[in-house]
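These are my notebook entries on one structure. I record what I looked up, item by item.

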Amino acid sequence: MPLYPLPDWVWHESVLIDGARSLRQLHDASVGFGMDGAMWQSPAKIPAEVICHNDFAPHNLVFHGGRMTGAIDFDMCSPGPRLWDLAYFATRAVPLTRDTPSNAPGMDQARARVQLILDAYGSEASWEDVLRVAIIRLWDLADFSRKKAAELGKPALNDDAEMYERDAHYLSQNAEEKILCAIAAGTDSTQHVNTRKAFPTPWPVTSRVETSSTALAGKWTPPSSRPFTHRWAGAVTHSPRKCWLLP
């Protein structure tokens, strides 16, 4: 189990692939889990496709000889969409953060590394899908951390919340820049319909994304075979405008 600062081998592509395949197995095993009357430490999200780990990241994975052999810390698991876990795994393992560790790949490699995760999982989600859910996930995590800081009397969790908010702002700005570059280059707008719908122009970088158990709503088609299609549609509101998440 790697400790911070994460060692060089954590950033190897095999970790992305092994992690995504293991996450797929974990999700598939949870389909059909009886949830009547169940209670969760972490709020459930909709669509409740699977039981999400909610902290599936290198620091919670077990390795032997550089290859993943298991996962720990299931105490915060709760129902949610598959992409909720996938986007967070990408955030931590790609990584998709403002302050990238010196030994980690940069954002210039992020899109290709995210695709490795999606392919290994068997997902038809896109880079844009992962990016926008990662942003929502970070805001949600920031809110949760602040709540727990007050509830448990642990002010250090507020520092974690600030880090999550910085990363959410960074990813939002990164998405906005890609839209503007595409417009300036005269790219066919139909190629960027997902990003345009997910990030209204101008993107309100300074606003918070309100997330709750009803913030994500959507639909999905159960898989009959790989690859699994889970490009779900939903809506997230943030004042003063609404941001629609459409595949």
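**Entry: the largest pocket.** I looked up which helices line the largest pocket. H2, helix H4 (127-152) and helix H5 (156-184) each supply at least two residues of the lining. I note here that the model is a predicted one. The volume of the largest pocket is about 900 Å³. I find 36 residues in its lining, and Asp55, His59, Tyr88, Leu141 and Tyr164 are those nearest the centre. Sorted by class, the lining has 15 nonpolar, nine polar and twelve charged residues.

**Entry: H2 and H4.** Two packed helices are described by the angle between their axes and the distance between the axes. The axes of H2 and H4 come within 8 Å and cross at roughly 85 degrees. Angles of 65 to 115 degrees count as roughly perpendicular, so H2 is roughly perpendicular to H4. On the H2 side I list Leu83, Trp84, Ala87, Tyr88, Ala90, Thr91 and Arg92. These meet Asp129, Val130, Val133, Ala134, Ile136, Arg137, Leu138, Asp140 and Leu141 of H4. The residues of this contact divide into eleven nonpolar, one polar and four charged.

**Entry: H2 and H3.** How do the axes of H2 and H3 cross, and within what distance do they come? Helix H2 (residues 82-93) and helix H3 (residues 110-121) have axes that come within 10 Å and cross at roughly 140 degrees. Angles over 145 degrees count as roughly antiparallel, and H2 and H3 are therefore oblique to each other. I record the crossing of H2 and H3 as right-handed. From H2, the contact takes in Arg82, Leu86, Phe89, Ala90 and Ala93. From H3, it takes in Arg113, Val114, Ile117, Leu118 and Tyr121. I count by class eight nonpolar, no polar and two charged residues in the contact of H2 with H3.

**Entry: H1 and H2.** The axes of H1 and H2 come within 11 Å and cross at roughly 160 degrees. H1 is therefore roughly antiparallel to H2. The crossing of H1 and H2 is right-handed. In H1 I list Val15, Leu16, Gly19, Ala20, Leu23, Arg24, His27 and Asp28, which meet Arg82, Asp85, Leu86, Phe89 and Ala93 in H2. By class, the contact of H1 with H2 holds seven nonpolar, two polar and four charged residues. Arg82, Leu86, Phe89 and Ala93 of H2 take part in the contact with H1 and also in the contact with H3.

**Entry: the backbone.** Most residues other than glycine have a negative phi, and most peptide bonds are trans. I looked up exceptions to both. Isoleucine 46 and proline 47 are joined by a cis peptide bond, with omega about 5 degrees. Proline 47 is in the loop between helix H1 (13-30) and strand S1 (50-52). Valine 94 and proline 95 are also joined by a cis peptide bond, with omega about -10 degrees. The loop between H2 and H3 holds proline 95. Where does asparagine 54 lie? Asparagine 54 is in the loop between S1 and strand S2 (61-64). Its phi is near 75 degrees, a positive value in a residue other than glycine.

Notes. Residues are numbered from 1 along each chain as its sequence is written. This is a predicted model: local features need pLDDT of at least 70, side-chain atom pairs count only at pLDDT 80 or more; totals for chains, interfaces and linings use all residues. Side-chain values use heavy atoms; hydrogens and water are left out. Axes are lines fitted to C-alpha atoms, for helices over the stretch in contact, and angles run from 0 to 180 degrees between N-to-C directions. Helices (H or I, at least four residues) and strands (E, at least two) are DSSP runs, numbered from the N terminus. Angles under 35 degrees count as roughly parallel, over 145 as roughly antiparallel, 65 to 115 as roughly perpendicular and the rest as oblique. A crossing is left-handed if the near helix is turned anticlockwise from the far one by less than a right angle, and right-handed if clockwise. Contact means heavy atoms within 4.5 Å. Ala, Val, Leu, Ile, Met, Phe, Trp, Tyr, Cys and Pro count as nonpolar, Asp, Glu, Lys and Arg as charged, and the others, Gly among them, as polar. On a 1 Å grid over the protein atoms alone, a cavity is a set of points where a 1.4 Å probe fits but cannot get out, and a pocket is an open set with protein on both sides within 12 Å along at least five of seven lines; lining residues have an atom within 4 Å of a point. Grid points are joined across faces, edges and corners, and a volume is the space filled by probe spheres set on the points.
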